[in-house]
Structures are given as structure tokens and as C-alpha cells.
2 protein chains.
Amino acid sequence: MPAEHHTTPRTSSTPAADQAGGGWHGNPAAAAELLWGHRPAPKRGPKPALSLEAIARTGIEIADADGLAALTMQSVAAALGFTKMALYRYVPGKVELVALMTDIGMGEPPPLGTARDGWRPRLDLWARRLFELFLQHPWALETTVGARAVGPNELRWLEHAVAALSGSGLRGHEVLDAAVTLAGHARAIAQQEAAVGSGSSAEQSLGAFIAAVLPAHGHRFPALAAAVTETVELGGQGQAFDFGLARILDGIELLIAARTAEGGAATAADQA
Amino acid sequence: MPAEHHTTPRTSSTPAADQAGGGWHGNPAAAAELLWGHRPAPKRGPKPALSLEAIARTGIEIADADGLAALTMQSVAAALGFTKMALYRYVPGKVELVALMTDIGMGEPPPLGTARDGWRPRLDLWARRLFELFLQHPWALETTVGARAVGPNELRWLEHAVAALSGSGLRGHEVLDAAVTLAGHARAIAQQEAAVGSGSSAEQSLGAFIAAVLPAHGHRFPALAAAVTETVELGGQGQAFDFGLARILDGIELLIAARTAEGGAATAADQA
DNA sequence: AAAAACTGTGTCCCGCGGATACCGTGTACT
DNA sequence: AGTACACGGTATCCGCGGGACACAGTTTTT
């Protein structure tokens, strides 16, 4: 329902747009315009029966239910009761549709409280919400790798994290790096959790795998086997996210303490 | 050149093996056998002109050079001078080939030094090597998402990290969680760096993007814009990886200090 | 009324992963 | 020896997915 995400032109991407190196998928300019551009809504032809919102939402439903592999132009169109080619009147290509799905799927970032609450609980909540979001939309883990166009919602999320650290005394790049680190942690652990499906945690899955491989090859991984068996014996649950989050926040707290101990006057004077 | 990765049977995966939820790609048992199984090397037919090693290496070259999208059975076979169907005598399917490429691409984990060096420099080196590895093989970021079979090399990497933390006083699941957190950090930041290609860093790319979007929408991201401009003005380079790594290691150090302060006797007595 | 702008559809093409049948080649058994 | 069998490589075929293209129907403007 936000103001973004309107109708689109037929800017198409190059046929063989998959470049080498760290290349983009699809046409980044087209995706950016899809995500950020306001289309003035045409006045001449018949009324559009579809909308970007509806298409993206349908795509999200399919990807949530059956995974990203089940997301085809065909499946999306069929779920909407249209031909697959009808979608191309709204979306320049599948890559751009996925980008739109990603940004809409992220949604508005949640409120984190005011500055009086302190940076730590706000960042903690932020990271947890992001983590839950990745668990809700596991396909987003796959769609947010590599070069891509960033949407407004994704940027809003980042804005919230940066805002939480604004008055903390950290320098600009440190604030950004902290946000990126936290987001990366949520992403990475969500990938582990999503990999084993629902019900079990990364450590449990790893333990089961080790147990399966151990009779033949386990002797080569002594430290790993010991840690896994100790974890399993103690009924260790999957708390990799909580663990890492606490460690990262502790580290940030340490740095903030060091920065404030330097004295607030020379905030931007020195750089190591 | 390791002892693993030999010839393979023609165990094929189910035609429609792409399941829903956190489903596997391909047949995990086939992939596991590819990665772990020793095939006794057949005795009857003509000599194989190819080898798993050669196929996987060729695939790695293609993926390194032109990205994972350019990796097709056709391209691999053509680079080897064979038909694409010849590959299926060695590899049950593309998914398994990618899994093999991933494990071979990781290679042997580097030596980290002895226990007398302390856990921190060893973990630091480990994370940096892993980070560099992801930068060398950006496609590995895509192939290590979701449910997949873990290969021996990948497990050796994990073993090394766990070994570095073995005598530190952390509990089993804490050791595992620390390793997972560090690996996730390397992965996540490498994803950001790989996204912008070579030459620029994540913050610079973000800054450029913000600068491009700012005239139209920048006012909605005040904290972000401030942090970015401060970073750009100070010539802040991309050190998100270093920053996060230092924070995580600081946090781990804090926890180890707390654990050792509890006294080594009651190591496994309590759990919060 | 006619032209212009726009939406949705039918048809086609190419490239991909993979199944299958086939032929050639080499070893092992009688 | 010869022969049966096992195995490697190839040719052909299929279904599916993304997307180009031309066309038909609808609504507004001239």
C-alpha cells in the first residue's frame, strides 16, 4: 500500500545481460525504476486489470509456499487467472519481479522505540525482527545475493539501524559497518536455519549429519565431533543467532565505551 | 588431488525433486555419495576419458570467469571437448556437480598455527581466509544457501575453527555457534563486496547509490544519509569485514573471560 | 468517426536439464 | 581363443522456462 510501486514501462533488459565477474542480473536501471519510480498512470487505454502490488503479492505467496523454484511467470500468472505474457505489461522481466517481491516482502521496518531506550535494545530488536523476516520468507535469502537494485523498504530498514546508533559516538563508517554486520548475521544464521527446514536447528542438523558421517570419516574431525557430542548430550538447542547477536552487540558496546572514554570533544579529529 | 571425489554411479534424482518449504535441491543422498563415497574404479569397460576432478575444475573455471549463470552442462562439456551427456556418466545431475564444485573450490583449510598461538589470532586468520575464498569464488555464495550436502573440505574448515576454540573454556554449543557466526560474517560481507564487483567497497557503493537516489528520496533517510556523507567525506574505505570481525572476536573474548572467571571446576555444572 | 494509446492473448523461438536408446571399447570368463 | 558383459561416449528427443512479437480488443482524444 505504500506510495511506491506503480505501473511500469516496457524497458526491457538486454537478451544476454548476464555478464561476467560480479555482474548484475537483469537490467539494474529497469529494476531501480520499478522499485523507486512513480509511473503517472496512463490515461488512454483500457484500465489495467492487474497491479504491481497484486502481482508481487502473488509471487510472494508462491515463493513462501513452494519455494523460489516454483516461482515462474507461468505460476504467477495462473494464480492470478491471466496469461503469463500479461505480466510483462507490468514487469520488465522475472529478475525485476523478484526484486520487487523482495522489497515488498521486507515491508516497513518495525518501530524500535525512542532514543531514550538506548542503542542496544533497539539494535537487538531490529536484528531479531530482520531474522524473523528471513525465516518467514526464506526465498529472500536467495534473492538478496549478488548485485541487485535496492528498494525503498530495504533502505528504510537500514535507516532504522543507523538511526539507532546515531548518537552513540561511533563514526559514520563504524555505524554503517555495525549495521551491515548485524544484518549479515541475521542473514547468515537464517540461511542455516532455513536449510534444515522447520523444527530443527542448525546445530542439531549438523550433529545428525556428523553422526551419519562419523562411523566412516568422523575420526578426521575430532574437535568437531567432540563439540557436537557435547552439544547433543546437553540438549543444546539452536541458539546460534542469539549467541552471535550477543557477541556482536558486546563488541559494539566495547567500542562505544572506548570511543566515549576518548572524550567527546575530539570525536572526528583522529582516525586510526 | 585429495583422496575423495572418485567415479560415481548413475544414481539419479527424482524428476520433480524440488520440494516445498525448506526442501532440498536434488537428491541429497546422491550428492553425499559423490562428495564422500569412494568408488572402487570400474574394471571392465574402457578407460574413462574424464574425471570428477577435471569436470569440477572446469566448472569452477567457468563459474569464476562468467558467473554461475554461465555454468551449464553444455558449457562445461564444451570446455572439455565432450558432449554434455558424457558428463552424466560421472555426475548424477547439475545440483550434484555444483555441490562437488563447491567442496573442491573450498579446498584444504589453511594451517592456523599451533595452540600456543592462542585462539584469537587463529580464528582471525581462519575468518580472513574464508572471506578471501568467498571473494575468489563469488558463485560459492550462491551455492551454499539452502539445504545442501556438506562436503569433506567444508567440514574440515569447520573442524579447524572448532579446534581453535577447543581449549578456551567455552561450552560445546558455544564453540559451534562462534564458528557459525564467524563463517556467517565472512559469507555475508563477501556477499556485499561481491555485489559491487571489484574495485569498490560496500560502503562506497551504498554511498554512490544514496547519492543517486538522494535528490528524489534521500530526505526520508536522514540518519543513513548523514552516516554515508560522513563516511565519504573522511574517505572511509570498505572495512566492514574487519570491523565486524573485530567486534565478534571482542565479544567472544569477553565471554571467554567470563567463563574462566567462573572457575574452571564448574565448567559444565550450570547452564543459563 | 477515426486515430492513438493501451491492455491482454496466441504463437513462436531458444536454451536448459535430463531420459533413453544406441554404438564402440575394453576386460573377464569359458 | 572367442564371447558375453560392463562400461564410456553420442545422438536424439522431450518438457519447461523466459521472453520476443504480432495481433485483437478497449478506451480516450481529435
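1. The model is predicted: local features need pLDDT of at least 70, side-chain atom pairs count only at pLDDT 80 or more, and totals for chains, interfaces and linings use all residues. Residues are numbered from 1 along each chain as its sequence is written, while chains are lettered from A and ligands numbered from 1 in the order in which they are written.

2. In chain A, the axes of helix 6 (residues 119-136) and helix 12 (residues 240-261) come within 11 Å and cross at roughly 150°. Axes are lines fitted to C-alpha atoms, for helices over the stretch in contact, with angles from 0 to 180 degrees between N-to-C directions; helices are DSSP runs (H or I, at least four residues) numbered from the N terminus. The two helices of chain A are therefore roughly antiparallel to each other (an angle over 145 degrees).

3. Helix 6 of chain A contributes Arg120(A), Leu123(A), Asp124(A), Ala127(A) and Phe131(A) to this contact, and helix 12 of chain A contributes Phe241(A), Leu245(A), Leu249(A) and Glu253(A). Residues are in contact if their C-beta atoms, placed from the backbone, lie within 7 Å.

4. DNA strand D is surrounded by 26 residues, the closest being Thr72(A), Lys94(A), Pro42(B), Gly45(B) and Ala49(B). A residue counts as near a strand if its C-beta atom, placed from the backbone, lies within 6 Å of it.

5. Around DNA strand C there are 26 residues, with Pro42(A), Gly45(A), Ala49(A), Met85(A) and Thr72(B) the closest. Helix 4 (84-87) of chain A, with helix 3 (73-80) and helix 5 (94-106) of chain B, each give two or more residues to this surface.

Methods
Parallel < 35°, antiparallel > 145°, perpendicular 65-115°, else oblique. Contact = placed C-beta atoms within 7 Å.
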